[in-house]
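The sequence and the model come first.

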Amino acid sequence: MLSYFSKIILVICTLWHLQSFSSDASCIAVTLTKEAATEGLLGKRAVYDTIISRMKASGKTACQVILQPNQFSWTKGIETFPSPSKKELTTYQFVSKMKPVVEGARYFHQKDINPSWARKMKPKLRIYNHVFY
């Protein structure tokens, strides 16, 4: 069963003419789905905030940040970046206009995983299945 917000996104997908998107927007759109597919809009926004924080800290583009080795689990072993679906692009448009939920976070992981790097950090926020630092 689709959540209320998923239904809204689906309706928007059918009605909203999507303009041309930058490669960074496309990279973020796919990553929001791959990293937070079941997290709802709040979780997707937190992943978005993390990507933006990493971009600001490194001076890199979103695609460069996302494709860095060992940063996003879904990118391991990919050779070409997948094209985003209309739903992913619409979700990106919506999420990118939301207020930040975890400003300054540069790292996150699933709550059932305990990476060694996380032991040295204080969590900023827990959203559904992810912990943000």
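A residue counts as buried when its relative accessible area is under 20%, as exposed when it is over 50%, and as partly exposed in between. Trp74 has a relative accessibility of 15% and is therefore buried. The model is a predicted one.

**Overall make-up**

The chain holds five helices and three strands. Read from the N terminus, the order of elements is α-α-α-α-α-β-β-β. Of the 133 residues in the chain, 41% are buried. Among contacts between residues at least 6 apart in sequence, 64% join residues at least 24 apart.

**Helix H2**

Helix H2 covers residues 23-36. H2 has 14 residues and spans 20 Å from its first C-alpha to its last, close to the 20 Å expected at 1.5 Å a residue. The helix is mostly covered, with eleven of the 14 residues buried. Among the buried residues of H2 are Asp24, Cys27, Thr31 and Glu35, along with Ala25, Ile28 and Leu32. The packing partners of the buried residues of H2 are H3, helix H4 (62-67), H5, strand E1 (108-110) and strand E3 (130-132).

Two packed helices are described by the angle between their axes and the distance between the axes.

| Helix pair | Axes come within | Crossing angle |
|---|---|---|
| H3 (residues 40-58) and H5 (residues 86-96) | 10 Å | roughly 80° |
| H2 (residues 23-36) and H5 | 8 Å | roughly 95° |

Angles of 65 to 115 degrees count as roughly perpendicular. The axes of H3 and H5 cross at roughly 80°, which makes H3 roughly perpendicular to H5. On the H3 side the contact is made by Leu41, Lys44, Arg45 and Tyr48, and on the H5 side by Thr91, Tyr92, Phe94, Val95 and Ser96. By class, the residues of this contact of H3 with H5 are five nonpolar, two polar and two charged.

H2 and H5 cross at roughly 95°, and these two helices are therefore roughly perpendicular to each other as well. From H2, the residues Ala25, Ser26, Ile28, Ala29, Val30, Leu32 and Thr33 meet Glu88, Leu89, Tyr92 and Val95 of H5. The contact of H2 with H5 has eight nonpolar residues, two polar and one charged.

**Aromatic pairs**

How many aromatic pairs does a search of the whole structure find? The search finds six. The rings of Tyr48 and Tyr92 have centres 6.3 Å apart and planes at 55°, so this pair is tilted. Because Tyr48 lies in helix H3 and Tyr92 in helix H5, the pair ties together parts that are 44 residues apart in sequence. Tyr48 is buried at 11% relative accessibility, and Tyr92 is buried at 14%.

Trp74 and Phe81 form another of the pairs: their ring centres are 5.3 Å apart and their planes stand at 75°, so the pair is edge-to-face. Whereas Trp74 is buried at 15%, Phe81 counts as partly exposed at 24% relative accessibility. Ring pairs also link Phe72, Phe108 and Phe132 into a cluster.

Asp49 is part of helix H3. Is Asp49 buried or exposed? Its relative accessible area is 5%, so Asp49 is buried. Leaving out residues up to four places away in sequence, Asp49 touches Pro100, Val101, Val102, Glu103 and Ala105.

Ala62 and Gln64 both belong to helix H4. Ala62 counts as buried at 0% relative accessibility, while Gln64 counts as partly exposed at 43%. Ala62 touches Asp24, Ile28, Ile51 and Met55, again not counting residues up to four places away in sequence. The C-alpha atoms of Ala62 and Ser23 are 8.5 Å apart in space, and the two residues are 39 residues apart in sequence.

How values were computed:
Residues are numbered from 1 along each chain as its sequence is written. This is a predicted model: local features need pLDDT of at least 70, side-chain atom pairs count only at pLDDT 80 or more; totals for chains, interfaces and linings use all residues. Side-chain values use heavy atoms; hydrogens and water are left out. Axes are lines fitted to C-alpha atoms, for helices over the stretch in contact, and angles run from 0 to 180 degrees between N-to-C directions. Helices (H or I, at least four residues) and strands (E, at least two) are DSSP runs, numbered from the N terminus. Angles under 35 degrees count as roughly parallel, over 145 as roughly antiparallel, 65 to 115 as roughly perpendicular and the rest as oblique. Contact means heavy atoms within 4.5 Å. Ala, Val, Leu, Ile, Met, Phe, Trp, Tyr, Cys and Pro count as nonpolar, Asp, Glu, Lys and Arg as charged, and the others, Gly among them, as polar. Rings of Phe, Tyr and Trp (its six-membered ring) pair if their centres lie within 6.5 Å; planes under 30 degrees apart count as stacked, over 60 as edge-to-face and the rest as tilted. Buried means under 20% relative accessible area, exposed over 50%, partly exposed in between (1.4 Å probe, protein chains only). The expected span of a helix is 1.5 Å times one less than its number of residues.
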